[in-house]
Amino acid sequence: MNFDLTEQQLAFRDSAKAFADKELKPFAAQWDEDSFVPVDTIKQAAEMGFLALYVPEQWGGMGLSRLDSVMILEE
C-alpha cells in the first residue's frame with residue numbers, strides 16, 4: 001500500500017499552509033480574544049475554495065476527499 005501524497009495533495013497542503021502562515025497565524029490570538037474574524041479574511045479563504053472543501057465541483061466547490069480536506073484543515 002502506498003501512503004505517499006500526490007502532487008495535487010501536496011499543492012493543497014502547501015497553499016493552505018502559506019495562507020494560514022500569512023493571513024491567520026499572525027492574528028489568531030487576537031481574533032480568539034476578540035471572538036472576531038475579519039470578513040476580508042473569510043472572503044480570501046472562500047476564494048481559495050477553503051469554505052467549500054466537500055462541495056462537488058459541479059456546484060462550485062472543490063469536491064475533495066476527507067484526506068485532502070483534513071490536510072487543508074490541519075494547516
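Visitor: Where is Ser 35 found?

Guide: Ser 35 is in the loop between helix 2 (28–34) and helix 3. The model shown here is a predicted one.

Visitor: What is the phi angle of Ser 35 near?

Guide: Phi of Ser 35 is near 55°, which is a positive value in a residue other than glycine.

Visitor: Is Ser 35 buried or exposed?

Guide: Exposure is read from relative accessible area, where buried means under 20% and exposed means over 50%. The relative accessible area of Ser 35 is 69%, so Ser 35 is exposed.

Visitor: How many helices and strands does the protein chain have?

Guide: The secondary structure comes to 4 helices and 0 strands. Along the sequence, the pattern of the protein chain reads α-α-α-α.

Visitor: What does the C-alpha trace of the protein chain span along its principal axes?

Guide: The span is about 45 × 30 × 15 Å. As for burial, 27% of the 75 residues of the protein chain count as buried.

Visitor: Which residue forms a salt bridge with Arg 13?

Guide: The partner of Arg 13 is Asp 14, and their closest N and O atoms are 3.1 Å apart. Arg 13 counts as partly exposed because its relative accessibility is 28%. Asp 14 is also partly exposed, with a relative accessible area of 42%.

Visitor: Where do Lys 17 and Asp 21 lie?

Guide: Both lie in helix 1, 4 residues apart, which is about one turn of the helix. With a relative accessible area of 39%, Lys 17 is partly exposed. Asp 21, at 37% relative accessibility, counts as partly exposed.

Visitor: How far apart are the closest N and O atoms of Lys 22 and Glu 23?

Guide: They are 3.8 Å apart, and Lys 22 forms a salt bridge with Glu 23.

Visitor: Is Glu 23 buried or exposed?

Guide: Glu 23 counts as buried because its relative accessibility is 16%, and the limit for buried is under 20%. Lys 22 is exposed, with a relative accessible area of 60%.

Visitor: Which residues form a nonpolar patch on the surface?

Guide: A patch is built from residues with over 30% relative accessible area. Here Val 37, Ile 42 and Leu 51 form a nonpolar patch on the surface, and together they have about 260 Å² of accessible area. Ile 42 lies in helix 3 (residues 39–47). At 40% relative accessibility, Ile 42 counts as partly exposed.

Visitor: How much space lies in the largest pocket?

Guide: A pocket is an open set of points, whereas a probe in a cavity cannot get out. In this structure the largest pocket holds about 230 Å³ of space.

Visitor: Which residues lie nearest the centre of the largest pocket?

Guide: Of the 15 residues that line the largest pocket, Phe 19, Leu 24, Ala 45, Phe 50 and Leu 51 lie nearest its centre. The elements that give two or more residues to this lining are helix 1 (7–24), helix 3 and helix 4 (66–74). The largest share, 4 residues, comes from helix 1. By class, the lining has 13 nonpolar, 1 polar and 1 charged residues. Leu 51 is also one of the residues of the nonpolar patch on the surface.

Visitor: What separates two residues in sequence and in space, taking Ser 15 and Gly 49?

Guide: Ser 15 and Gly 49 are 34 residues apart in sequence, and their C-alpha atoms are 11 Å apart in space. Ser 15 is in helix 1, and at 28% relative accessibility Ser 15 counts as partly exposed.

Visitor: How many residues apart along the chain are Thr 41 and Trp 31?

Guide: They are 10 residues apart along the chain, with their C-alpha atoms separated by 11 Å. Thr 41 is in helix 3. Thr 41 counts as buried because its relative accessibility is 9%.

Notes. Residues numbered from 1 in each chain as written. Predicted model: local features only at pLDDT ≥ 70, side-chain atom pairs only at ≥ 80, totals over all residues. Heavy atoms only, no water. Patch = residues over 30% accessible without salt bridge, like charges linked within 9 Å, V, L, I, M, F, W, Y side chains within 5 Å. Areas by Shrake-Rupley, 256 points an atom, 1.4 Å probe, with all protein chains shown as cover. Salt bridge = Lys/Arg side-chain N within 4 Å of Asp/Glu carboxyl O. Buried < 20%, exposed > 50% of the residue type's maximum accessible area, 1.4 Å probe, protein only. 1 Å grid on protein atoms, 1.4 Å probe; cavity = no way out; pocket = protein on both sides within 12 Å on 5 of 7 lines; lining within 4 Å. Points joined across faces, edges and corners; volume = space filled by probe spheres on them. Nonpolar A, V, L, I, M, F, W, Y, C, P; charged D, E, K, R; others polar.
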